[in-house]
Each structure stands twice: as structure tokens, then as C-alpha cells.
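Here's a quick briefing to read alongside the model. Take a look at the fold first, then work through the points below.

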Amino acid sequence: MTLALRGIPYFFVSFAPMRILMVCLGNICRSPIAEGIMRHKIKQHGLTWVVESAGTESYHIGEAPHHFAQKICREHGIDISEFRAAKFTSDAFTAYDQIYAMAGDVYREITRIGGKNADMSKVDYFLNELHKGSNESVPDPWYGPEEGYKAVYEMIDKTCDAIIRTKKEIYV
């Protein structure tokens, strides 16, 4: 069995203490930023978690992250230029321990795509890690100027810190 998104042999990844999937709409703005930041922090903390990202829509499959997403990450020492947009599939419920939805519409699509076999206990709003139970959405910077990517980066960065803090002792 391979992970649906990146073709990594499942036997390799199944030994990782924590497998996280970041999900947004097109997988070129919010979720690749979150994947990049989280990978960076995991490395800093010496963790062996696996983090990937996907989108609920097919608009950008195979494309690199948005140039402003790449730029803001690069400014913080994180290279996401090799990432490629992938589509969220129902296989994610088997392949990942935690699935983070970046927004309400994304959460609803995850539910729809998963169908009756979806293990929604694995799914949460990303920002609930920072603001418990708020079900807030990370704003989609796609429609705005570069400044929007900076604000989204800061929001995601703080939330990734919260994930490390709360889950580090559980998934070591």
C-alpha cells in the first residue's frame, strides 16, 4: 500500500509516530505553507513525524505552490518550491493520523469526499489547535495581495507551534 498523495511506501511511513495532512482548497497557498512550516519545526524539534498537504479541488494538481507562498516561506528559510499540488482522496483517512482543514468549505469537502467511511475523528479545523473549538478558517490569500500571504504565514506559524506543544509528548 502506498500513501495516496506522494507514493511513499506505507510500511516506511507507518512507523512514523505522527502522520499529518494539511488540506486547503487548491493546495497551492495555505496547505503547502503549513506543510513547509511544520516540516521545518519538526526538524528543529528532532521529531520523525511525516507531514504532507493536499487540496479538495483539482484546479492545480501537479503545480508548484503560488509564487507568493514560496516567497514568504523562503523569507523564513523554508523552501517549498519542490512541492506539487495533490488532490485529497478518501485514502487519507487510512494514511494519516491527523487531517487539518484550513477552512469550513474544506472541512465540508473532506467530509463529502470521505463519504460514509470517513473517520472524522481524525479531522479538525487547523486553527482549533490555537483557538480550541473556534472552527475558524485560515483566510485564503489567493485573491489578495502579497501582504495577505504574510498574515497567513504568521497565523500558520503560531498554530504549528501549538501543534508541536500539544502533540509532542503524545507522538514521540
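A residue is called buried when its relative accessible area is under 20%, exposed when it is over 50%, and partly exposed in between (1.4 Å probe, protein chains only). With that in hand, His-60 counts as buried because its relative accessibility is 15%. Keep in mind that this is a predicted model, where local features need pLDDT of at least 70, side-chain atom pairs count only at pLDDT 80 or more, and totals for chains, interfaces and linings use all residues. Residues are numbered from 1 along each chain as its sequence is written, and side-chain values use heavy atoms, with hydrogens and water left out.

**Around His-60**
- You'll find His-60 in the loop between strand E2 (50–55) and helix H3; helices (H or I, at least four residues) and strands (E, at least two) are DSSP runs, numbered from the N terminus.
- Setting aside neighbours within four places in sequence, His-60 is in contact (heavy atoms within 4.5 Å) with Gly-26, Ile-28, Ala-85 and Trp-142.

**Where H2 meets H6**
- The axes (lines fitted to C-alpha atoms, for helices over the stretch in contact) of H2 (residues 30–44) and H6 (residues 146–167) come within 9 Å and cross at roughly 45°, with angles running from 0 to 180 degrees between N-to-C directions.
- H2 and H6 are therefore oblique to each other; angles under 35 degrees count as roughly parallel, over 145 as roughly antiparallel, 65 to 115 as roughly perpendicular and the rest as oblique.
- On the H2 side, the residues that meet H6 include Ile-33, Ala-34, Ile-37 and Met-38, and their partners in H6 include Tyr-149, Val-152, Ile-156 and Cys-160.

**The cores**
- The largest nonpolar core has 33 residues, and Ile-20, Met-22, Ile-33, Met-38, Trp-49, Phe-126 and Ile-156 touch the most other members; a nonpolar core is a set of buried Ala, Val, Leu, Ile, Met, Phe, Trp, Tyr and Cys residues joined through side-chain atoms within 4.5 Å.
- Two or more residues each come from strand E1 (19–24), H2, helix H3 (67–75) and H6.
- H6 gives the largest share of this core, 7 residues.
- There's also a second, separate core of 16 residues, with Leu-21, Phe-93, Ala-95 and Ala-101 among them.

**Helix H5**
- In H5 (residues 104–114), the buried residues are Gly-104, Val-106, Glu-109, Ile-110, Ile-113 and Gly-114.
- Those buried residues pack against E1, H2, helix H4 (92–95), strand E3 (98–101) and strand E4 (123–125).
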